[in-house]
Amino acid sequence: MKLVINLLFFTAAFFSMVHLSFGQNEEQPDSVKLVYVFDMKSDIDPRMNRKVTLALEDAKEKKAAMIIVHMDTYGGAVNDADDIRTLFLESEIPIHSFIDKDAASAGALISIACDSIYMARGGSIGAATVVMGGTGEAAPDKYQSYMRSMMRSTAEATGRDPQIAEAMVDEDLEVEGISNAGEVITFSVSEAIANGFCEAEVASIDEIIERNGLENYEVYRYEPSVAEDIISFFLNPAVSGFLILVIFAGIYFEIQTPGIGFPLAASGIAVVLYFIPYYLTGLASNLELVIFIVGITLLAVEVFVIPGFGVFGILGIICVLAGLTMGMLPNDLFDFTFVSSGKLFTALLTVILSVIVSTVLIFSLTPKVNQWKSFSKISLADTHQKSEGYTSSFYSNEMLGKQGVSHTRLMPSGKVLIDDEIYDAYSRGEFIDRGETVQVISTEGTSLRVKKVQA
C-alpha cells in the first residue's frame with residue numbers, strides 16, 4: 001500500500017515537471033502583439049476544463065494581447081462550464097469567442113462570458129436547457145434554476161441582455177418580439193447580431209483581429225504539451241483496460257508467489273498510470289482513490305486474516321471495480337445525472353472486459369509460468385528428481401495416504417493436524433481453508449504435501 005501511495009505522488013510530480021519543462025516558450029518581443037488561439041470543439045467536460053485552464057495560464061505567461069476561442073460545441077457538464085466561464089470573466093486578457101458553427105447549452109454560457117462574440121456564416125447560439133446525461137430529457141428544475149441564474153448573471157457581467165440569456169434556458173420565459181412561451185431561444189447569426197449577442201459575422205480569425213484594430217501581431221495556436229499527450233494516451237479506454245489487467249494479474253501472482261515483489265510492483269505502477277491521468281483531468285477524485293484502496297484492503301483482510309471467501313471479499317471486489325469505473329466518469333460524488341449513457345457504457349465495458357480477460361489469462365497461464373525461461377531467473381522452476389539424489393524423506397512412508405484436517409489456512413503452505421499431531425504442510429498450489437479434510441499425497445522433504453479431500 002505504501003508503495004502505491006509513493007508511486008502516486010512521484011508520478012504526479014513527474015507529470016507536473018514535464019508539463020512545466022515543455023510548456024514554457026519564449027515571450028514575444030514587445031513590438032509584436034501575440035494573439036493566442038485555442039480550440040473548444042468537443043464536449044465541455046473535465047478534460048476541456050483542464051485544457052482551458054492550461055491555455056489561459058500559458059497565454060498569461062506569454063503576455064498575450066488577445067485570446068480567441070475557436071468554438072464549435074453542443075455543450076456538456078454544467079459544473080465544468082461554470083468553471084470555464086468564471087475563468088473567462090476573471091481574465092485580464094480580452095477573450096473573444098469565434099462560433100464556428102455551434103455554441104449550444106454550456107457552449108452558449110461560455111460564449112456569453114467572453115468580451116465579444118463573432119460567428120461564422122450558418123452559426124447558432126443558445127438552447128441552454130440542462131438535460132440528463134443518460135436520456136437527453138430536461139433535468140429537474142433545481143438544475144434549470146442554477147443554469148438560468150448563471151446565464152443571467154454572466155450576461156449582466158458582459159453587458160448583454162440578461163432576460164434573453166435566461167430565456168435560452170427557460171422555455172416558459174417569453175421575451176417580447178423575440179420568443180414565445182414554450183420555446184427556448186436559439187439565435188442565428190443575424191438574430192444574434194440584432195440582439196447584441198454577436199458583434200459581427202466573420203469568415204476567419206484574422207478578420208476578428210482586424211476588426212479589433214490590432215496591428216503587427218502574431219497568431220499562436222495552443223498545442224498540448226508532451227505531458228498532455230502522455231496523459232491523453234493513458235486516457236484511451238484500451239490502455240486503461242490493459243492497465244486494469246496488469247493490476248489484477250499482479251495482485252494474483254504476488255499472492256501466489258509472496259516475496260518476489262515484481263508482480264506487486266507491476267500492479268502498483270499500473271494503479272498509478274491508471275489513476276493519475278484521470279485525476280489530473282478531474283475525472284477521478286479523492287473519493288475514487290479511497291474506494292479503490294478500501295477495496296484492496298478488504299481483499300487483503302479476506303485473503304490473509306479471515307479464512308474462506310465471504311463478505312469482506314465480495315465487498316472488496318465491489319469497491320475495487322467501483323473505484324476503477326467511477327474514475328473514468330465525470331460524476332459528482334455518486335451523482336451520475338449528467339453522465340451520458342455512452343460514457344457510462346464505455347467505462348463499464350472497459351472494466352468488465354478487462355476483469356474477464358485477466359481472469360482467463362491468469363488461469364490459463366499460471367500452469368505455464370514455471371516453464372518460461374525468464375521466470376526461472378527469479379524462481380527455482382527446475383524439478384530435482386529423487387533418482388538423482390536431490391530429495392529425501394523426513395517422514396516415514398506410513399504417513400502417505402493418511403487423512404487429517406487443515407490446522408491453519410494453506411496459502412499454499414500452512415499446518416495440518418493428523419492423529420492429534422501438527423505437521424508443516426503445503427498444497428498443490430490451491431488455497432485450503434482451515435478445518436478442511438486433507439490427505440497426504442507426498443512425504444518428500446520436510447513438509448507434507450496434501451490435497452483437499454472432496455466431501
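## Surface, cores and local geometry of a predicted protein chain

The protein chain exposes about 23500 Å², of which carbon and sulfur atoms supply 57%, with accessible areas taken from the Shrake-Rupley method with a 1.4 Å probe and, for residues, only the protein chains shown counting as cover. This is a predicted model, in which local features need pLDDT of at least 70 and side-chain atom pairs count only at pLDDT 80 or more, whereas totals for chains, interfaces and linings use all residues. Residues are numbered from 1 along each chain as its sequence is written, and side-chain values use heavy atoms, with hydrogens and water left out.

There are 15 helices and 13 strands in the protein chain; these are DSSP runs, helices being H or I of at least four residues and strands E of at least two, numbered from the N terminus. Buried residues make up 41% of the 455 residues, where buried means under 20% relative accessible area, exposed means over 50%, and partly exposed lies in between (1.4 Å probe, protein chains only). Of the contacts in the protein chain with a separation of 6 or more, 62% are accounted for by residues 24 or more positions apart, a contact being heavy atoms within 4.5 Å.

In soluble globular proteins, nonpolar side chains tend to be buried together. A nonpolar core is here a set of buried Ala, Val, Leu, Ile, Met, Phe, Trp, Tyr and Cys residues joined through side-chain atoms within 4.5 Å. The largest such core has 54 residues, and the members that touch the most others are Phe38, Met40, Phe88, Ile125, Met147, Met151 and Met168. Helix α2 (residues 46-61) gives the most to this core, with six residues. Another core lies apart from it and has 23 residues, including Ile247, Ala270, Tyr274 and Val339. Within the largest core, Phe38 touches Val52, Ala55, Leu56, Ile67, Ile68, Val69, His70, Phe88 and Tyr222, not counting residues up to four places away in sequence.

Phe88 leads on to helix α3, whose buried residues are Val78, Asp80, Ala81, Asp82, Ile84, Arg85 and Phe88. These buried residues pack against β1 (33-40), α2, β2 (66-73), β3 (95-104), α4 (106-112) and α5. Helix α3 (residues 78-90) has 13 residues and should span 18 Å at 1.5 Å a residue, which agrees with the 18 Å between its end C-alpha atoms, because the expected span is 1.5 Å times one less than the number of residues. Ser91 is placed in the loop between α3 and β3 and counts as partly exposed, at 23% relative accessibility. The C-alpha atom of Ser91 is separated by 9.9 Å from that of Asp115, the two residues being 24 apart along the chain.

Thr154 belongs to helix α5 (residues 141-157) and, at 0% relative accessibility, counts as buried; leaving aside neighbours within four places in sequence, Thr154 is in contact with Arg85, Leu89, Leu109, Ile112 and Ala113. Thr281 lies in the loop between α11 (262-280) and α12 (286-304) and is also buried, at 6% relative accessibility. The side chain of Thr281 reaches the backbone oxygen of Tyr278 at 3.1 Å. With neighbours within four places in sequence again left aside, Thr281 is in contact with Pro46, Arg47, Arg50, Ile231 and Leu235.

| Site | Feature | Angle |
|---|---|---|
| Asp100 to Lys101 | cis peptide bond | omega near 20° |
| Met411 and Pro412 | cis peptide bond | omega about -5° |
| Ser105 | positive phi, residue other than glycine | phi near 50° |
| Asp419 | positive phi, residue other than glycine | phi near 50° |

Lys101 lies in strand β3, while Pro412 is found in the loop between β9 (403-406) and β10 (413-418).

Finally, the structure holds zero disulfides, a disulfide being a pair of cysteine sulfur atoms within 2.5 Å. Cys114 counts as buried at 0% relative accessibility, and Cys198 is buried with a relative accessible area of 4%.

Technical notes
Polar contact = N/O pair within 3.5 Å; in protein donor to acceptor, adjacent residues only side chain to side chain.
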